[in-house]
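Hi,

Here is the model I promised to send over. Have a look at it first, and my notes follow below.

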Amino acid sequence: MTHRHFFINFVQNNLFMKILVCISTVPDTTSKINFVNQNQAFDTQGVTFIINPNDEFGLTRAIWFQQKEGADVTVVTVGDSSCEPILRKCLAIGADRAIRIDATPMDGFYVASQLSELAKKETYDLIITGRESIDYNGGMVGGILATFLGLPYLANCNGLEKDGTTFNLEREMDGGKELLKASFPIVIGAQKGLVEEKDLIIPNMRGIMQARQKPLEVVPAVNLEAGSSIESFEKPPAKGPVKLIDSSNIDGLIDLLQNEAKVL
Amino acid sequence: MSVIVYIETQDQEIKKSSLEVASYGRAIADAQETSLVAVTFGLENGSALKQYGVDTIINVPTEGEQYFNADRYSSTLAKIADNEGAKLLIISSSANGRYLGPIVATKFQSTYFSNVIGLPLSYDPLTVKRSCFTNKAFNQSTSQKARVVISLSSNSFGIIEKDGKGDLKTAEYAASTCDLRVESVEKSSNKVSIADAEIVISGGRGLKGPENWHLIEDLATVLGAATACSKPVSDMGWRPHSEHVGQTGKPVASNLYIAIGVSGAIQHLAGINSSKVKVVINNDPEAPFFKAADYGIVGDAFEVVPELISKLKVLKGA
Ligand SMILES: Cc1cc2nc3c(=O)[nH]c(=O)nc-3n(C[C@H](O)[C@H](O)[C@H](O)COP(=O)(O)OP(=O)(O)OC[C@H]3O[C@@H](n4cnc5c(N)ncnc54)[C@H](O)[C@@H]3O)c2cc1C
């Protein structure tokens, strides 16, 4: 069934919108960043993992569509079994079902390729990825996924409303914002603004109990190559101490910025 | 096998971040003993690029379409790169650059490397240094494919003037492949955007309320700087979200970053620490920002900042 046909079905039969939210599991923002194995791997010891914040804004927006008009929300991640608590959390927040593609994410290209193989099997009206993950900051999964699927992609999406058969969207740019229109389906890169910080849903006991009953399906990965590999990691060199200037010596600060730092 | 650079313009002006991309592309073309091709969209006169080492300037007339179009730009760039037999396509890390990156990389059947700092460490295979963990670390990444799209971190290479051939050409604008239309663009009232600014003045909760933001704005005006803020400041609606910088906001890579009444939480610092020089003004000597800053004043922002503004006004003759 083509998207167009699906769409006609959607309108005539009043089917609900189907949303896929792609979730990345990332170290908590306060994590100490260290490396092991001769600086070849991230040290996960003592690190708490969270839903990538940009993905969580996107998930919350999807849950609003579910609450308001009965949209069906699937969350998906590419990762090993250690990601399952994060998927359960997404279910507790309100997603209807979760899918884990059983693979170690090699790079953004690999993740996008796996997601695209999965997304091809269903007809989603809206696919949400985070603008970027806060660990590798690639900012690439959404754009690659959309291009593989032949769908439009909107990066830095901070506004999304459904208007009959189209979406009204907003993109944050350097120095302003863009207002756009697209017909279903589309892939977006979610960020704050799509919902606000205060709108994020903290799972309650009922949500957590229900999440245990909701389906979490594990599907095998498709055999494909990564686009790149990471050879090694390093940390930035330690910074020298701050130069303190007395609050009565503003001229001193200006002089340092002009003649030492040469930035004024 | 030339090297291709995508040049961004605003109101017929070439953006500074794109001059950096051209300079970077020139250095790579020199290392590979090949030519540098720049692609512009709807730019009437791109001959200035000759001074930044560009050999061929290809302009793509956009048929009166006035807005950035990720779909058509990426198809056009991939086609030109293909025609030129290029292996490397370089773009900036502006919002549009980062939007375009993964799309053009997929259409060009290449690897996409974002957040690249510095010249490649090797060319065959291509290995680059990239920042990761929101600037808390770096990694060396190697492409498995011969073709690569590089998004260069702004302010990580610099602008270098060098003569190129400067031949002028045009190319056809690729057709649209999907249905996503820009209806309108709203420019923010800020004169300088955070991404393009040399200097960024940032205010935190220590400023007590939106009514005190004239301190930030006046300082920014004297210095021709962009204004930014911490996350709680935008969450409370004191300032627009577009000013929120940090790990979950905009990244900052300016020459000078002045933080006023910002404590320097790890999530804030993560987003701004690739700025070259950091200055903190805070009345709490224990504020973590002092550990991350180059220069600091322990003092009350309401006393220090007005004095700083008036002294800078004298200095700048404003
Ligand atoms: C998942 C997550 C993501 C986050 N992402 C971000 C992010 O992207 N960006 C971000 O900024 N934060 C982020 N945060 C929030 C961050 O942890 C801090 O809460 C926030 O940065 C603090 O903002 P602030 O410095 O303005 O306020 P505060 O921490 O309250 O600091 C105010 C400072 O002002 C000083 N001050 C008070 N009065 C004066 C005066 N008269 N003169 C001078 N100084 C004065 C105080 O000493 C204090 O240091 C994130 C948090 C989480 C959990």
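I started with the contact between the two domains of chain B: five residues of domain 1 of chain B touch ten residues of domain 2 of chain B. Keep in mind that this is a predicted model.

For orientation, the domain assignment puts domain 1 of chain B at 3-170 and domain 2 of chain B at 199-317. Their centres, taken over C-alpha atoms, are 32 Å apart.

How much area do domain 1 of chain B and domain 2 of chain B bury between them? It comes to about 630 Å², with 35% of that on carbon and sulfur atoms. On the domain 1 side, T134(B), N135(B) and N155(B) lose the most area to domain 2 of chain B, and together they make up 71% of what that side buries.

As for what holds hands across this interface, the rule finds zero salt bridges, but five residue pairs are in polar contact, both partners at pLDDT 80 or more. The residues of domain 1 of chain B that touch domain 2 of chain B split into four polar, one charged and no nonpolar.

Six strands make up an open, parallel sheet, in the order β15(A)-β18(B)-β17(B)-β16(B)-β14(B)-β15(B). Its edges are β15 (243-244) of chain A and β15 (226-229) of chain B, each pairing on one side only. Within the sheet, β17 (residues 277-282) and β18 (residues 295-298) of chain B run parallel to each other over four bridges, and V280(B) sits opposite G296(B) in β18(B).

Cheers

Note on methods. Residues are numbered from 1 along each chain as its sequence is written. Chains are lettered from A and ligands numbered from 1 in the order in which they are written. This is a predicted model: local features need pLDDT of at least 70, side-chain atom pairs count only at pLDDT 80 or more; totals for chains, interfaces and linings use all residues. Side-chain values use heavy atoms; hydrogens and water are left out. Domain bounds come from an automatic or database domain assignment. Contact means heavy atoms within 4.5 Å. Buried area is the accessible area (1.4 Å probe) that two parts lose on being put together, summed over both. A salt bridge is a side-chain nitrogen of Lys or Arg within 4 Å of a carboxyl oxygen of Asp or Glu. A polar contact is a pair of N or O atoms within 3.5 Å; within protein, one must be able to donate a hydrogen and the other to accept it, and residues adjacent in sequence count only if both atoms are side-chain atoms. Ala, Val, Leu, Ile, Met, Phe, Trp, Tyr, Cys and Pro count as nonpolar, Asp, Glu, Lys and Arg as charged, and the others, Gly among them, as polar. Two strands pair if DSSP finds at least two bridges between them. Helices (H or I, at least four residues) and strands (E, at least two) are DSSP runs, numbered from the N terminus.
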